[in-house]
Amino acid sequence: MDYYKLEMMKIRFTTYFWTICAIFVSILGIGMLFLFMVSVPTKMGISTEEVGQFANWNGLLTLVTALSFALFGVLAGVLAGKIIITEYNGKGAVVLLSYPVNRKRIVKIKCLIVCGITTTSVFICNSILMGLMFATAKIFNLTLEILGGYFMVKVLITSALISLLSASVGMISTLIGWKMRSVTATTISSVIIVCLLTNFLVVSPSRIILIVFSVGVVFLVIANIMYHILANSINKMEV
């Protein structure tokens with residue numbers, strides 16, 4: 001636990017906190033824009049098919065979830081680059097490798113910090129975003145269709161799944177960056193991954209949970225494999 005606290009003390013949480021706030025505000029702005037855009041045709045008697053797939057709550061949930069995944073997935077890559085790649089490639093590597101503790105444990109702590117910050121941020125932000133949009137719709141009497149019951153439960157489940165998927169992107173991009181010994185490569189790889197996956201996530205808003213779950217399981221397995229490869233590689237490093 002002392003090593004965990006030591007690693008936490010190295011992180012400038014203020015920087016990441018404001019970054020998370022900026023992401024939250026950005027997604028909220030886009031979400032609110034779509035909320036009012038799709039509600040106007042509905043009030044005028046235009047069918048939801050003419051507006052598009054985001055003309056109901058399932059569609060808006062898919063939109064917000066996809067944006068959260070894209071932005072926080074990249075943030076996970078940036079975090080991993082700073083917390084893992086930078087330290088093991090810089091002068092701090094000598095200190096890290098000389099700790100009187102198993103090297104894999106230090107790597108595990110660092111990865112847990114990256115995953116912990118990512119999953120917590122995504123779950124809280126995504127849930128609050130949808131809550132604010134739902135409250136706004138009630139206040140302004142905006143009527144959007146809910147496809148299926150228990151919508152808020154669906155929001156929480158989707159937020160939990162997308163948080164794990166975002167963390168998985170961070171772990172996968174970490175190994176890519178480690179192999180190339182580059183923080184930039186870590187960030188770029190996370191951008192490429194989220195760009196490819198985001199388009200897939202919005203294919204069917206009515207099946208958002210199934211899609212995120214299916215993709216999440218695959219990427220969790222890949223991320224777990226990547227983590228073990230990374231840990232073994234660092235464990236064999238020379239001081």
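Trainee: Where is I124 placed, and why does I124 count as partly exposed?

Mentor: In this predicted model, I124 sits in helix α6. The relative accessibility of I124 is 42%. Buried means under 20% and exposed means over 50%, so I124, at 42%, counts as partly exposed.

Trainee: What makes the nonpolar surface patch that includes I124?

Mentor: The patch is made by F123, I124, I128, L132 and L156, and covers about 400 Å². A residue in a patch needs over 30% relative accessible area; I124, with 42%, passes that cut-off. Helix α6 gives the most to the patch, with four residues.

Trainee: Why is the pair of E87 and K110 called a salt bridge?

Mentor: The closest N and O atoms of E87 and K110 are 2.9 Å apart. The cut-off is within 4 Å, so the pair qualifies as a salt bridge. By this rule the count comes to one salt bridge.

Trainee: Which parts does the pair tie together?

Mentor: E87 belongs to helix α4, residues 57–89, and K110 to helix α6, residues 103–139. The pair therefore ties together parts that are 23 residues apart in sequence.

Trainee: Are E87 and K110 buried or exposed?

Mentor: Both are buried, that is, under 20% relative accessible area.

Trainee: What makes up the largest nonpolar core, and which residues have the most contacts inside it?

Mentor: That core has 69 residues, and L35, W57 and Y88 have the most contacts inside it. Helices that each supply at least two residues of this core include α2 (13–43), α7 (151–180) and α9 (208–235). Nonpolar side chains tend to be buried together in soluble globular proteins.

Trainee: Which residues is L35 in contact with, leaving aside its neighbours within four places in sequence?

Mentor: L35 is in contact with W57, L60, M133, T136, A137, L142 and L144. Contact here requires heavy atoms within 4.5 Å.

Trainee: How many helices and strands does the chain have?

Mentor: The chain has nine helices and zero strands. From the N terminus on, the order is α-α-α-α-α-α-α-α-α.

Trainee: What percentage of contacts between residues at least 6 apart in sequence join residues at least 24 apart?

Mentor: In this chain the figure is 85%.

Terms used
Residues numbered from 1 in each chain as written. Predicted model: local features only at pLDDT ≥ 70, side-chain atom pairs only at ≥ 80, totals over all residues. Heavy atoms only, no water. Salt bridge = Lys/Arg side-chain N within 4 Å of Asp/Glu carboxyl O. Buried < 20%, exposed > 50% of the residue type's maximum accessible area, 1.4 Å probe, protein only. Patch = residues over 30% accessible without salt bridge, like charges linked within 9 Å, V, L, I, M, F, W, Y side chains within 5 Å. Areas by Shrake-Rupley, 256 points an atom, 1.4 Å probe, with all protein chains shown as cover. Core = buried A, V, L, I, M, F, W, Y, C linked by side-chain atoms within 4.5 Å.
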